[in-house]
Amino acid sequence: MLVAEPGAGKTTRAPLALLADTAPQKGRWLLLEPRRVAVRLAATYMAEQLGERPGQTVGYRVRGEQKISSQTRLEVITQGIFTRMLQDDPLLQGVAGVIFDEFHERSLEADLGLALALDVQQSLREDLKLLVMSATLDVAALQKVLGSATPVINCPGRNWQVSTFYRPPDHRSADYRTPALRGYPEQHQVRVVREALLAHQGHILVFLPGQKEIRRLHNVLQDSLPADTEVYPLHGQLTLAQQQSVLRPPAGAKRRIILSTAIAESSVTVPGVRIVIDVGKERVPQYQANSGMSRLETRQVNRASADQRRGRAGREAAGYCYRLWSEAAVLQAHREPEILQADLSALVFELIRWGVKDSYDLSWVDPPAASSLKNARLLLDRLGLLAANGGLSPAGQRCVRWPTHPRLAVLLETAADHDALPLACWLLAWLEEEPAATETDVVLIIEQAAMSRDQRLLPTAKLWADRLGCSLQIDDIGKSGILLAHAYPDRIAINQSQGRFKLVTGGQALLKHSDALNRAEFIVAVALDGQSSGANIFHGVATSAAVLESSFAEARQWRSSIVWNESEGRLQAEEVR
């Protein structure tokens, strides 16, 4: 394990040092990063340090793009790519070692990748080297699976000093006494931004929980900044070109204020930043086992992430960090691992493919909950991906070829059967990239995106079109209902009038009375807020009884139901479909 402060050189120095210490015939190294933008930036920077271009000694691979060659000895990849590499070649032939960077984020793919890599190391490849890195590792937890004898290298680095100031909002101020402003913290954030602009030199990086907060602060700042200051958003829904323009050194003399989600928390350096303003919030998906759905929750940032954010101000010179909470506040030490709060259907799908009978046979830093594993299997079974013996069904075997969530793999298989691959490309782009959309009806969202060639979705749609060998010209957008019904069979709902729908799983879901989808007999509620009863529907698509009957055998079957009516003292029998 390597524990090193931001700026110490974990991502771009340690891998090159390992290359210098590893003979070429011993194999290449894999460096795993949590995000695509970090993969490209890290590989490009290290290649430049060697006086080369990416694809020579240092290369990279993300979904749909790769720059590697026979010369490549260090391959920078996303965590998801690593899982697929393991599934295709469990021996990891030609690989000397694997580096898990920014492991403190504890993503589902990182935990799965480490568990599978340890399985390979213990059973097939004793010579395989594993290095786990972060500025804020939970060393004790990792030693339980890596072994108490695992060397731990602590490297303080040469980070510049960062002065920290606490600026909690004053709830006695006019902003908080005014009902119209209550719950909207932008006024306080603007005051701190102005204070920092006047007190220090350099660009400002503001950490906010999500795009909604970025838009709000951006709108307020635009009208209240000096002429020599510009504001830029930075989040995962921007195109790669837009992200890179923010992460390149600025050409002009204007000061920049970058409003960012957690994408800038680790792995990437925003040049020229001397000031960090951290609102102290993060937005994470929280899986609800009782409903089988996830909902986004905004909560207090953990101490490890807060320290990562603070370190961004001291990458290139002495810096300053403004924390918009009280110094007396007690923060959770580490981020809760995603494996304890996420939908595990993709993880279980990979474990079944790996041949694991019992998930607990693997070495987990934090083992998944039994209830979450059970719900994941139920969903995979509902999707038709499981065989009677617990392995993958023929449909599951076909879905293995698609590098995406099992739901979306089913969507692709259904699209192939219904001659709707171009439509599937746009649907997958929207479902994978999850851009903000005010429209509820998925048909209208996709129709507008395809007509305007929406730049947020077009790159991903093109990647799928290239993989599938089809165009992006949609012939029949009306097939959206049948495709999404197969991908989300647990989200099919029947209209009970006045904006109330009953889900096939038994819970109720709600639509605004004015929404046009209220006229549909059935809908597929693609996105809900995760409540077990009375969930709000964010996005859905209309479907019909005819479509459901043609798609699902159980929709054509009647089942007898006999219950005792206690109040009337008699049996009641009915047939239900």
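Modeller: Happy to! Rings of Phe, Tyr and Trp (its six-membered ring) pair if their centres lie within 6.5 Å; planes under 30 degrees apart count as stacked, over 60 as edge-to-face and the rest as tilted. With that rule, ring pairs link Phe82, Phe100 and Phe103 into a cluster. A word on the ground rules: this is a predicted model, in which local features need pLDDT of at least 70 and side-chain atom pairs count only at pLDDT 80 or more, while totals for chains, interfaces and linings use all residues. Residues are numbered from 1 along each chain as its sequence is written, and side-chain values use heavy atoms, with hydrogens and water left out.

Searching the whole structure turns up six aromatic pairs. In one of them, the ring centres of Phe100 and Phe103 are 6.3 Å apart and the planes stand at 90°, so this pair is edge-to-face. Phe100 and Phe103 are both buried (buried means under 20% relative accessible area, exposed over 50%, partly exposed in between, with a 1.4 Å probe and protein chains only).

Phe165 and Tyr320 also form an aromatic pair, and theirs is stacked, with 6.5 Å from centre to centre and 20° between the planes. Phe165 belongs to strand β9 (residues 162–166) and Tyr320 to strand β16 (residues 319–323), so the pair ties together parts that are 155 residues apart in sequence. Strands here are DSSP runs (E, at least two residues), numbered from the N terminus. Phe165 is partly exposed, at a relative accessible area of 25%, and Tyr320 counts as partly exposed at 25% too.

Charges meet rings as well. A charge sits over a ring if NZ of Lys or CZ of Arg is within 6 Å of the ring centre and within 35 degrees of the ring normal. Arg256 has its charged end over the ring of Tyr232, 5.4 Å from the centre. Arg467, in turn, lies over the face of Trp464, 5.8 Å from the ring centre.

Finally, there is Trp564, in strand β22 (residues 559–565). Trp564 is exposed, with a relative accessible area of 51%. Together with Ile562 and Leu571, Trp564 forms a nonpolar surface patch of about 370 Å² accessible area. Patches take residues with over 30% relative accessible area and no salt bridge, joining like charges within 9 Å and nonpolar side chains (Val, Leu, Ile, Met, Phe, Trp, Tyr) within 5 Å. A salt bridge is a side-chain nitrogen of Lys or Arg within 4 Å of a carboxyl oxygen of Asp or Glu, and accessible areas come from the Shrake-Rupley method with a 1.4 Å probe, where for residues only the protein chains shown count as cover.

Methods: Helix = DSSP H or I, 4+ residues; strand = E, 2+ residues; numbered from the N terminus.
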